[in-house]
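This report goes through a predicted model.

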Amino acid sequence: MSAPEKASLVSALQAELNRQYDLGVMTTFTDADGRPMLSYPIVLPAPRPIIDVERLADAVLASLSMGLAR
């Protein structure tokens with residue numbers, strides 16, 4: 001996948017996270033670097049997952065390149 005295709009994937013993933021935020025499924029918080037982040041609300045005792053869209057895109061691309069995702 002080329003850089004423009006990856007950028008499209010990152011954009012689509014971010015749009016889905018934004019949609020979930022608009023629906024109230026996601027919440028925001030400030031990370032240790034002071035950046036606003038989207039995450040799912042804390043449900044104790046499980047930790048809150050942090051969504052890194054760039055990393056998620058890399059994982060999707062790796063799966064596609066290995067034929068694991070269709």
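## Helix α2

The 13 residues of α2 reach 18 Å from the first C-alpha to the last, close to the 18 Å expected at 1.5 Å a residue. Three residues are named as buried in this helix: V53, A57 and L61. Seen down the axis of α2, the buried residues fall within an arc of 75°, so they line one face of the helix. An α-helix has 3.6 residues a turn, so residues three or four places apart point the same way. The buried residues of α2 pack against α1.

E54 also belongs to helix α2. Its relative accessible area is 41%, and E54 therefore counts as partly exposed. Not counting residues up to four places away in sequence, E54 touches K6 and V10. The C-alpha atom of E54 is separated by 9.2 Å from that of Q14, although the two residues are 40 apart along the chain.

## Helix α1

The buried residues here are K6, L9, V10, L13, L17 and Q20. They cover an arc of only 100° around the axis, so they sit on the same side of α1. On the other side of α1, P4 and D22 are exposed. The cover over the buried residues of α1 includes β2 and α2. Just after α1, G24 takes a positive phi of about 90°.

Q20 is a residue of helix α1. Buried means under 20% relative accessible area. Q20 has a relative accessibility of 14% and therefore counts as buried. Leaving aside neighbours within four places in sequence, Q20 is in contact with V25, M26 and Y40.

## The nonpolar core

Which residues make up the largest nonpolar core? There are 9 of them: L9, V10, L13, L17, M26, L38, V53, A57 and L61. The most comes from α1, with 4 residues.

L17 is one of the core residues. Once its neighbours within four places in sequence are left aside, L17 is in contact with M26, L38, I51 and V53.

## The strands and the loop between them

M37 lies in strand β2. With 15% relative accessibility, M37 counts as buried because the value is under 20%. Between M37 and I51 there are 7.7 Å in space, C-alpha to C-alpha, and the two are 14 residues apart in sequence.

The loop between β1 (27–30) and β2 holds D31. Is D31 buried or exposed? At 15% relative accessibility, D31 counts as buried. A polar atom of the D31 side chain lies 2.9 Å from the backbone nitrogen of D33.

## The protein overall

The secondary structure amounts to 2 helices and 2 strands. Along the sequence, these follow the pattern α-β-β-α. The protein has 70 residues, and 21% of them are buried. Of the contacts between residues at least 6 apart in sequence, 34% join residues at least 24 apart.

How confident is the prediction, and which elements have the lowest and highest mean pLDDT? The mean pLDDT of the protein is 76, and 80% of the residues reach 70 or more. Among the elements, the lowest mean pLDDT belongs to β2, at 77, and the highest to α1, at 82.

Conventions
Residues numbered from 1 in each chain as written. Heavy atoms only, no water. Core = buried A, V, L, I, M, F, W, Y, C linked by side-chain atoms within 4.5 Å. Buried < 20%, exposed > 50% of the residue type's maximum accessible area, 1.4 Å probe, protein only. Contact = heavy atoms within 4.5 Å. Arc of directions from axis to C-beta. pLDDT = per-residue confidence, 0-100. Polar contact = N/O pair within 3.5 Å; in protein donor to acceptor, adjacent residues only side chain to side chain. Expected span 1.5 Å × (residues − 1).
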